[in-house]
Every structure is written in C-alpha cells, then in structure tokens.
Amino acid sequence: MRWKRQGRCVSAPGAAGKPFLGVRTLEHIGRVGMGCMPLSLGRGRERGLARETIHAALDAEVVLFDTADAYSTGEGDFGHNERLLAQALAGRREHAFVVATKGGHTRPGGRWELDGSPDYLKAACEASLRRLGVESIDLYQLHRPDPKVPFAESVGALRDLRDAGKIVHAGLSNVTVDQLVEAEAIVEIAAVQNELSLDYTAPLHNGEVEACEQRGIPFLAWSPLGGIDSADGASRIGAVRAAADRHGVSVQQVVLAWLLSHGEQVVPIPGASRPESIRDSAAARELRLEPDELARISAAV
C-alpha cells in the first residue's frame, strides 16, 4: 500500500532536521503495521520490553506505528504512548518508518471522553509534535467524531494543521462512509482507521473497506485480532484452527492473512507488547491461504 500523494520531509525523534524517510514520494507503509496501545497498558508498560518490541517490529520490516495521545492510564500520564514510541525510535533512522497518531480523545479520571473542537485538536497536535520530537506528523487522525462538535469543524482543524505544515497527511478514525465523503470536501483524507476483525466484519459489508479501495487509501484495521490475547481465543473457530494446523503457523497469523485477503487497501495494525507477538504478526504478510480455506473462514464468521 502506498500513500496517495507525495509527503513533506519530517524530522526524526530528538534529531531536528533528520528525516524519517528522507524526501518521501509514494512510500510503502507495508501490509501489516503495529498498534502501540498495549505498550501503555499492563505488562507493556515495562519500558525495556516496550523498546524491545518496537525494535523487533523494525527488524521485521514493520513500517507503520500507530499511536495516540490518549493511549495512557489517564490524565496523569497522558501522552505516555507517544513519548515511549519516540524514545524507542530514536537512533533507528536506518529503518524506514511512519508514525500515525491521533487526537480528540481525553482521559479525565481515566475515562474515555471526547473533545473534537478545533482549538482542542490544534493544541493536541502541538503537544503530540513535542512528545514525538518532530516538526511534522506523518499521519494525524481525528480519533473519533465528537457528537458535541459539528464534524466539519473537527475536520477543518485537520485541514488547517496540514496547511500549516504541522501534519503531512490527514486521516479519520471510527467514521462512516458518509463522514468520509463529508471530510473529503474539506481536506484530502489519506487513510481511514476503523475496527475490523473476525468478530467485527461490518466494514466489509457497509462500504467502508470498498470506499478506501476506490480511493486508493489504506483502511487501517484496528483490533484485527478482536482483542484475542492467546491462541485459545482464535482456535474457537474450526476453520481458523484447521488452516493454522495445515500451514504450521499460529491462529493469529491465519486471522491476519484472512483480513489481508480482502484487498491491498486493508492494513491490519495488531497490538503487541512482546517481541514474539509482533514478529508473528508481521509473518502473516507471507502466509497465503488457499481459496477453500478463505471461504470456510468467511462462512464461519
């Protein structure tokens, strides 16, 4: 999957003037990215293990790292995930990588609330720039539409940030096709990030994946393993278990390969908090399921 348009050069964490990807044209973002949220929760908060996991992703040629300012335990460590990612990526400029972050969620008292007002989104972007240590964010996404704020106003903030050079690409998360169409009248949308998994297949049927395919932009599938933490969870589906046994791979790889079979525009971003997990997920890029296997999995879900 390639970005639709040429992006501007951005700086690497902690090294002003040093580019992430050099002067980027239509760079590959890869077929499997990494969701970084688990690194700010539970075991993933072990700083050394988190760094090892991100480095393992880089070594496995994972390019896209998805984070958000709200990936934290609450207000006290708001921005934890962005800071952690920036520190882990520092000094690894021999690798090509793209950082995607999001704004619009708040965490008062540890709750998940929304603020999609333009003033808040612009201030949130400035804070993300400082935490990531960059001059411009590769992909900045509206985390979720705020029902208290006209959607066009929130998207207008993304346009203003792009025009000011604060972000390279604007994206949307947790949106409908109608909202994508509305946003496109305001600013070019480079990616859509919505939930997609064996447990939640609505985007395959309601036009969201198709809309991204038509536009040549990535559909970033969050929670692609459906929150599955172990092989036991995915193994409940016989067709998935059978394919895993046949190919000698994990059931998680089979799930990701099934998602990838729905088109080049689908880019799963499985979460990981251990090096083994992201290595296994990245290997799904090479797994080719047979048509009969894909059909049986589709029929099961």
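T101 is buried, because its relative accessibility is 0% (buried means under 20% relative accessible area, exposed over 50% and partly exposed in between, with a 1.4 Å probe and protein chains only). This is a predicted model, in which local features need pLDDT of at least 70 and side-chain atom pairs count only at pLDDT 80 or more, while totals for chains, interfaces and linings use all residues. Residues are numbered from 1 along each chain as its sequence is written, and side-chain values use heavy atoms, with hydrogens and water left out.

T101 sits in strand β5, residues 98–103 (helices, H or I of at least four residues, and strands, E of at least two, are DSSP runs numbered from the N terminus). Setting aside neighbours within four places in sequence, T101 has contacts that include T67, E82, S128 and Y140 (contact means heavy atoms within 4.5 Å).

Helix α4 covers residues 151–163 and holds L161. L161 has a relative accessible area of 5%, so it is buried. Beyond residues up to four places away in sequence, L161 touches L121, K122, C125, Y140, K166 and I167. D163 also belongs to helix α4, but D163 counts as exposed because its relative accessibility is 54%.

| Pair | Apart along the chain | C-alpha separation |
|---|---|---|
| L161 and S136 | 25 residues | 9.4 Å |
| D163 and V187 | 24 residues | 9.6 Å |

Now for the helix pair. The axes of α9 (residues 238–247) and α10 (residues 251–260) come within 8 Å and cross at roughly 110 degrees, so the two helices are roughly perpendicular to each other (the class for angles of 65 to 115 degrees). On the α9 side the contact uses V240, R241, A243 and A244, and on the α10 side V251, V254 and V255. These residues divide into six nonpolar, no polar and one charged.

Finally, a look at backbone phi. Most residues other than glycine have a negative phi. N174, which is not glycine, has a positive phi near 60 degrees; N174 lies in the loop between β9 (167–173) and α5 (177–184) and is buried at 17% relative accessible area. S223, also not a glycine, has a positive phi of about 50 degrees. S223 lies in the loop between β11 (219–222) and α8 (231–234), and is partly exposed at 24%.

Conventions:
Axes are lines fitted to C-alpha atoms, for helices over the stretch in contact, and angles run from 0 to 180 degrees between N-to-C directions. Angles under 35 degrees count as roughly parallel, over 145 as roughly antiparallel, 65 to 115 as roughly perpendicular and the rest as oblique. Ala, Val, Leu, Ile, Met, Phe, Trp, Tyr, Cys and Pro count as nonpolar, Asp, Glu, Lys and Arg as charged, and the others, Gly among them, as polar.
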